[in-house]
Amino acid sequence: MQEDVKKEIVKLLDIGIIYPITNSPWVSPIHCVLKKGGIIVVTNENDELVPTRTVAGWRVCIDYRKLNEATAKYHFPLPFMDQMLERLAGNKYFCFLDSFFGYSQISIDPNDQEKKTFTCPFRTYAYRRMPFGLCNAPATFQRDAHLVLNWEKCHFMVKEGIVLGYKVSCAGLEVDKAKVDVILKLPPPTNIKGLDWNLPFELMCDASDFAVGAILGQKDDSANYLVGDVIPKGMTYQQKNKLVSDLKHYFWEEPYLFKVCSDDMIRRCVSGPETQTILDQCHHGPTGGHYGPNVTTKKVLDSGFYWPTNIKEAHTLVRLCEACQKTGNISKCDEMPLNNIQVCEIFDIWGIDFMGPFPKSYKFEYILVAVDYVSKWAEAQALPTNDARVVITFLKRLFCRFEMPKALISDRGTHFCNKIMERTMKSYEINHHFSTSYHPQTSGQVENINRALKRILEKTVKDNPAIWSKKLDDSLWAFRTAYKTPTGTAPYKLIYGKNCHLPFKIEHCAYCALKNYNPNLIAAGPYVVKYQYPSGYVELYGKDGKTFIFNGHRLKQYHEEDNEPREAVAPFFLKE
């Protein structure tokens, strides 16, 4: 196709229709379409003679949509299609004329030529003569054209022909059989994608003197307006204004609907089963991490998807997630207070700590965790032992990736407080600070990471703890791509300057709409506790008889003298 564009550009340059130009404020892209030639008669599958236009190559057109929006419209009376067909039908002979470079016969004012600039793979050019694609071109041609005919495409004294998709002859108007053949050969639909089961179906019928047709379809005023700028008939002035106001932040880009959100991010609108698939991936997928509803919602929005009930569905998903309900978070009273830290750059201060021992997983029993105090970026490695040798190896790899820090914070364990560690820190000129004994708040950052990774691992390994070492990398990925309140973003975006390309293609959105959202998560009870498990979660059943598992810490406190498991107790109401 590029060769066809080059030939067309050279031809237009040779005859003086275009000329090279630079620094024009008006530049439009090119678009190639098939160029039709003369009319020939062919035989279709039913041995019927069908007049058909031949394809004579590619026509280079210019996309002047942006220019047309800024152009004042010129109104000149043009013939209506139905009136033209009525005048043609029933005549005995016809003459079909084709103009040679029809629009190009009209010159453009020199002051306006730069507005017709277009770009191609070679350079930018401007038209001296009127091109296709301008909104005022048909009216101007109808008013001022002086025809220079193209003899090869002209037909004189013929008894029938194709005009505007119809066959005209002395018998009147007929449907173009070539177009009918194309419709008959269309494959039947193989899926129901695109249907909105919330909208009513309508039987849409049409008929003529020769045929009748009907389809089962749906009407969506929003889609019609966005796709074709069509406002349904019968709407009042207020209804039209409301439709335009509701859709001003939406636009249609075949085949999807997009919304420009309040943070100026463009997100694709989704609906139906696709929303549940996206939520599942963001919550308990490989990089989900079983986070709460707010973080899960943010991961959905970070991926570039939007639907109006996103927040509500995320709360429902987390509430019904068995792994999340079985593993409750640490009580608020045990959280460490937030303390100010000194001003420093990313990767200047690292905290380091060991987790374990855990049940043996492919010879590994410990996890060595390191976190950057500024960006909250975490590194972790499964290790078989917790001695000084593995710590030194881990730190050397860490420094090679993220440069030498100014300080390292750890507890006073023998794996951190020893001669080998002291010599290594001195050789790298790193200040090694130790936390206060029996006071873990001193290294609060790394303790927070320990809790987060442990929580994610507990929910992902489920009943098979022997595989925790294989799930460690996925847990790290989930933590790095999750929103962190102190930094106002995810560690991955803070380090790399962009959102992580997650498995389901999800992007970033404003958090202010989420953190203040506190919906009523569960409909009114009463709910009856069917069974209480030692770990704290309970099994409930409601008035409809359905049972589900819920975190016992979220229920109103209820105590009896005996704390043994019981089959049924007094009704509980869930907290709002």
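## A tour of the salt bridges

Select glutamate 379 to begin: its relative accessibility is 8%, so this residue counts as buried. The cut-off for that label is under 20%. Keep in mind throughout that the structure on screen is a predicted model.

**Stop 1: the partner of glutamate 379**

Glutamate 379 lies in strand E19, residues 378-383, while arginine 401 belongs to helix H12, residues 388-402. The two are 22 residues apart, and the pair links distant parts of the chain.

Is arginine 401 buried or exposed? Its relative accessible area is 51%, so arginine 401 is exposed; the label requires a value over 50%.

**Stop 2: a third residue**

Which residues make up the network here? Salt bridges link Glu379, Arg401 and Arg480.

**Stop 3: aspartate 387 and arginine 389**

Now select aspartate 387 and arginine 389. Their side chains also meet in a salt bridge, at 4.0 Å from N to O. That value sits at the cut-off, since a salt bridge needs the nitrogen within 4 Å of the carboxyl oxygen. Arginine 389 has 57% relative accessibility and is therefore classed as exposed. Aspartate 387 has 30%, so it falls in the partly exposed class.

**Stop 4: glutamate 160 and lysine 167**

Clear the selection and pick glutamate 160 together with lysine 167. Which of the classes does lysine 167 fall into? With 13% relative accessibility, lysine 167 is buried. Glutamate 160, at 39%, is partly exposed.

**Stop 5: the whole chain**

Switch to a cartoon view: the protein chain contains 17 helices and 24 strands. Of its 576 residues, 37% are buried. Among contacts with a separation of 6 or more, 60% come from residues 24 or more positions apart.

Finish with a surface view. The protein chain exposes about 36000 Å², and 54% of that area is supplied by carbon and sulfur atoms.

Key. Residues numbered from 1 in each chain as written. Predicted model: local features only at pLDDT ≥ 70, side-chain atom pairs only at ≥ 80, totals over all residues. Heavy atoms only, no water. Buried < 20%, exposed > 50% of the residue type's maximum accessible area, 1.4 Å probe, protein only. Helix = DSSP H or I, 4+ residues; strand = E, 2+ residues; numbered from the N terminus. Contact = heavy atoms within 4.5 Å. Areas by Shrake-Rupley, 256 points an atom, 1.4 Å probe, with all protein chains shown as cover.
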